[in-house]
Amino acid sequence: MNDIKEWWNQASSRDQMALVICGMLLALYLLYIALLKPVMDMRDTQLVKNAAQQQALERVRNYAAIWVNQGEVKKNAANNGTIVELVDSSLRKNNLKLSGMQPSGSNDVRIRLEQVPFDNLLAWLYEIEVVQRMQIKDISVANGASAGLVSVNMRLHRD
């Protein structure tokens, strides 16, 4: 320690001043690196997270609005027309040909579809249950004459 004091006392006042200034700059830099930089990095990270959360919230709001509007459209569509009319229009929309239909009352109908594409049948079943709000009471599916075709017998009910 005495060697350092002796070296300090022998240094010129200009050198001493330069060392004090360099020491202060080094202390400020270390303070910045140790305290300010991590805080600023955390702030930047939080700003990015907040922006992502804001975008996610906006997407959820958009999806919720779409879902609510679809629910109203589905309710309106399900209440328009008789069950026979609804089944017939939805079959045409999904490119399915009806082989036989037998209404029983105002809320039930038996349907026969022969040699229809399975993918179209699935899309139609989704529309019948979800969009038209009908219930499939009985269903019987059999393989068709070629791959991808099926024959179906079913009974639908609408409340």
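Modeller: Happy to; we can start with the overall layout and then look at single residues.

Colleague: Is this from an experiment or predicted, then?

Modeller: This is a predicted model.

Colleague: Okay. How many helices and strands does the protein chain have?

Modeller: The protein chain has four helices and four strands. Starting at the N terminus, the order of the elements is α-α-α-β-β-α-β-β. As for the overall form, the protein chain is more spread out than a compact globule, because its radius of gyration is 38 Å, well over the 15 Å that the globule rule gives for 159 residues.

Colleague: What box do the C-alpha atoms fill?

Modeller: Along the principal axes, the C-alpha atoms of the protein chain fill a box of roughly 115 × 35 × 20 Å.

Colleague: And what share of the residues is buried?

Modeller: Buried residues account for 19% of the 159 residues in the protein chain. The accessible surface is about 11700 Å², and 58% of that belongs to carbon and sulfur atoms.

Colleague: Switching to charges: how far apart are the mean positions of the positive and negative ones?

Modeller: They are 4 Å apart, taking the 18 positive and 16 negative charges of the protein chain.

Colleague: Now the inside. Which residues have the most contacts inside the largest nonpolar core?

Modeller: Those are Val 87, Ile 111, Leu 113, Trp 124 and Leu 156, in a core of 18 residues. Helix 3 (83-93), strand 2 (108-117), helix 4 (118-131) and strand 4 (149-158) each give this core at least two residues.

Colleague: Let's zoom in on Val 87. What is Val 87 in contact with, leaving aside neighbours within four places in sequence?

Modeller: Val 87 is in contact with Met 101, Val 109, Ile 111, Trp 124, Met 134 and Leu 156.

Colleague: And across the chain, what share of contacts joins residues at least 24 apart?

Modeller: That share is 55%, counted among contacts between residues at least 6 apart in sequence.

Colleague: Where does Asp 41 lie?

Modeller: Asp 41 lies in helix 2, which covers residues 13-79. Asp 41 is partly exposed, since its relative accessible area is 36%.

Colleague: What about Pro 103, where is its place?

Modeller: Pro 103 is in strand 1. With a relative accessible area of 48%, Pro 103 is partly exposed. Leaving aside neighbours within four places in sequence, Pro 103 is in contact with Val 84, Asp 108 and Val 109. Pro 103 and Val 150 are 47 residues apart in sequence, with 22 Å between their C-alpha atoms.

Colleague: Last topic, backbone angles. What is phi of Asn 95 near?

Modeller: Phi of Asn 95 is near 55°, a positive value in a residue other than glycine. Asn 95 sits in the loop between helix 3 and strand 1 (100-104).

Colleague: Is Asn 95 buried or exposed?

Modeller: Asn 95 counts as exposed because its relative accessible area is 61%, and the cut-off for exposed is over 50%.

Colleague: And where is Arg 133 found?

Modeller: Arg 133 is in the loop between helix 4 and strand 3 (134-143). Phi of Arg 133 is near 60°, again a positive value in a residue other than glycine. Arg 133 is partly exposed, at a relative accessible area of 46%.

Colleague: Thanks, that helps!

Definitions and conventions:
Residues numbered from 1 in each chain as written. Predicted model: local features only at pLDDT ≥ 70, side-chain atom pairs only at ≥ 80, totals over all residues. Heavy atoms only, no water. Rg over C-alpha atoms; globule rule 2.2 N^0.38 Å. Buried < 20%, exposed > 50% of the residue type's maximum accessible area, 1.4 Å probe, protein only. Contact = heavy atoms within 4.5 Å. Areas by Shrake-Rupley, 256 points an atom, 1.4 Å probe, with all protein chains shown as cover. Lys, Arg positive; Asp, Glu negative; His and termini not counted. Charge placed at Lys NZ, Arg CZ, Asp CG, Glu CD. Core = buried A, V, L, I, M, F, W, Y, C linked by side-chain atoms within 4.5 Å.
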